[in-house]
Amino acid sequence: MMTFEQFLGLITGILFGFLLQKGRVLRFDKQISALLFKDMTIIKFMISAILVGMVGIYFLKDLGVIKLNHKSMNVGGVIVGAALFGTGWAIMGFCPGTSVGALGEGRIHAFFAVIGMIAGAGIYAELYPFFKITVLSWLDFGRIGFPELLGLNHWIIIVLYWILGISIFIWFEKKGL
Amino acid sequence: MKLKTKDNGWNPYFAGALVGLLAVFSAYATSVILGKTNYLGASTTFVRAAGYIVQFFSPEHVANNEYYLKEKVKIDWQFMLIIGIFIGSLISSLQDKSFKIEKVPPIWEKNFGSSVYKRAVAAFFGGILAMIGARMADGCPSGHGLSGNMQLSVSALMAIFIFFLFGILVANIFYREKEL
């Protein structure tokens with residue numbers, strides 16, 4: 001009925017959704033409040049996850065247990081795509097992952113966001129041949145990480161990310177955000 | 001620093017750190033059990049969902065579409081992850097009684113009134129725009145924001161910066177009434 005791969009995805013998703021809900025990051029008001037500099041809950045949550053995650057990911061990578069999977073640094077795709085995403089995100093008040101979570105905690109207007117995103121994905125699939133020869137063809141640096149780009153050991157970069165992240169936390173707490 | 005927030009949630013630093021651990025365990029488990037490392041992500045699933053809907057009306061169209069062929073229309077690990085997020089959030093919100101049927105969120109109502117229709121239209125069109133952008137950038141705040149930055153990807157830092165730059169710009173224009 002369900003493959004083990006699907007089962008593993010489901011269990012991981014349940015834990016992910018549970019933590020997103022407990023962190024109170026799913027709600028429209030939390031997402032928009034961060035963009036309005038009123039409440040930085042979602043930023044605190046994201047940066048904490050990233051800082052903890054990078055240590056574990058690179059530890060396992062050094063042991064040869066896991067493989068990295070960088071997404072391509074396609075300049076046109078990332079810049080234009082992220083700008084469109086940011087615009088839509090501010091209007092919708094959810095991102096793809098949080099929309100289904102918000103629906104789970106009863107925020108039923110997230111349903112229209114989910115439907116809109118499925119429609120958007122369908123539109124993208126139709127326009128893909130066009131984007132491929134335009135935006136996506138401009139300049140592509142490939143699947144690259146900061147350690148390769150800067151020629152530095154990854155643990156040095158991880159320390160720099162931690163210093164930056166903790167500084168942002170201290171600033172938030174001082175400002176009471 | 002408090003362990004519980006004012007709205008009875010968990011401290012965001014703590015809950016976020018647990019998501020970091022979950023991402024690491026998940027990368028480990030998928031590598032060992034499935035033989036390939038899966039990272040948390042969400043937006044590709046919306047392509048697959050669209051593929052299933054289009055397939056219902058025209059299977060040939062999906063079979064000949066370059067993008068559906070590239071992303072493969074199937075119920076995979078990430079598709080189940082998304083279903084899991086819904087279930088996990090439902091369980092958590094019922095457990096701490098924060099589950100609430102909300103048709104129009106407070107900040108929205110303050111700016112645009114209590115029309116369910118208006119909110120639905122904005123969520124729908126915002127969703128279209130956001131997903132076209134996420135697919136073009138090859139990731140959303142999960143795939144780029146969390147997973148990409150954990151891997152120290154160049155594209156991820158660039159993407160999250162521009163997500164927020166435009167999100168902040170548009171939100172500040174769109175929601176003029178900022179106080180609740």
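Reader: Which element gives the most to the nonpolar patch?

Author: This is a predicted model. Helix α1(A) gives the most to the nonpolar patch, with 4 residues.

Reader: What makes these residues a nonpolar patch on the surface?

Author: The cut-off is over 30% relative accessible area, with nonpolar side chains joined within 5 Å. The members from chain A are A:Met1, A:Met2, A:Phe4, A:Phe7, A:Ile11, A:Leu15, A:Phe59, A:Leu63 and A:Val65. Two elements give two or more residues each: α1 (4–22) of chain A and α1 (12–34) of chain B.

Reader: Take A:Phe4. Why is A:Phe4 called partly exposed?

Author: A:Phe4 sits in helix α1 of chain A. Its relative accessibility is 46%. Partly exposed lies between under 20% for buried and over 50% for exposed. Therefore A:Phe4 counts as partly exposed.

Reader: And B:Asn149, buried or exposed?

Author: B:Asn149 belongs to helix α8 (residues 141–150) of chain B. Its relative accessible area is 2%. Buried means under 20%, so B:Asn149 is buried.

Reader: What does B:Asn149 touch, leaving out residues up to four places away in sequence?

Author: From chain A, A:Ile50, A:Met54 and A:Tyr161. From chain B, B:His144, B:Ala156, B:Leu157 and B:Ile160.

Reader: Why is α4(A) called largely enclosed?

Author: Of its 18 residues, 15 are buried, so the rest of the structure largely encloses α4(A).

Reader: How much area do chain A and chain B bury between them?

Author: About 10600 Å², with 75% of it on carbon and sulfur atoms. A:Phe16, A:Lys22 and A:Lys71 supply 7% of the area that chain A buries against chain B, more than any other three residues. In contacts, 117 residues of chain A meet 124 residues of chain B.

Reader: What makes B:Glu102 and A:Arg107 a salt bridge?

Author: Their closest N and O atoms are 3.8 Å apart. The cut-off is within 4 Å, so the pair forms a salt bridge. The count between chain A and chain B is 6 salt bridges.

Definitions and conventions. Residues numbered from 1 in each chain as written. Chains lettered and ligands numbered in written order. Predicted model: local features only at pLDDT ≥ 70, side-chain atom pairs only at ≥ 80, totals over all residues. Heavy atoms only, no water. Buried < 20%, exposed > 50% of the residue type's maximum accessible area, 1.4 Å probe, protein only. Patch = residues over 30% accessible without salt bridge, like charges linked within 9 Å, V, L, I, M, F, W, Y side chains within 5 Å. Areas by Shrake-Rupley, 256 points an atom, 1.4 Å probe, with all protein chains shown as cover. Salt bridge = Lys/Arg side-chain N within 4 Å of Asp/Glu carboxyl O. Contact = heavy atoms within 4.5 Å. Buried area = accessible area lost by both parts, 1.4 Å probe.
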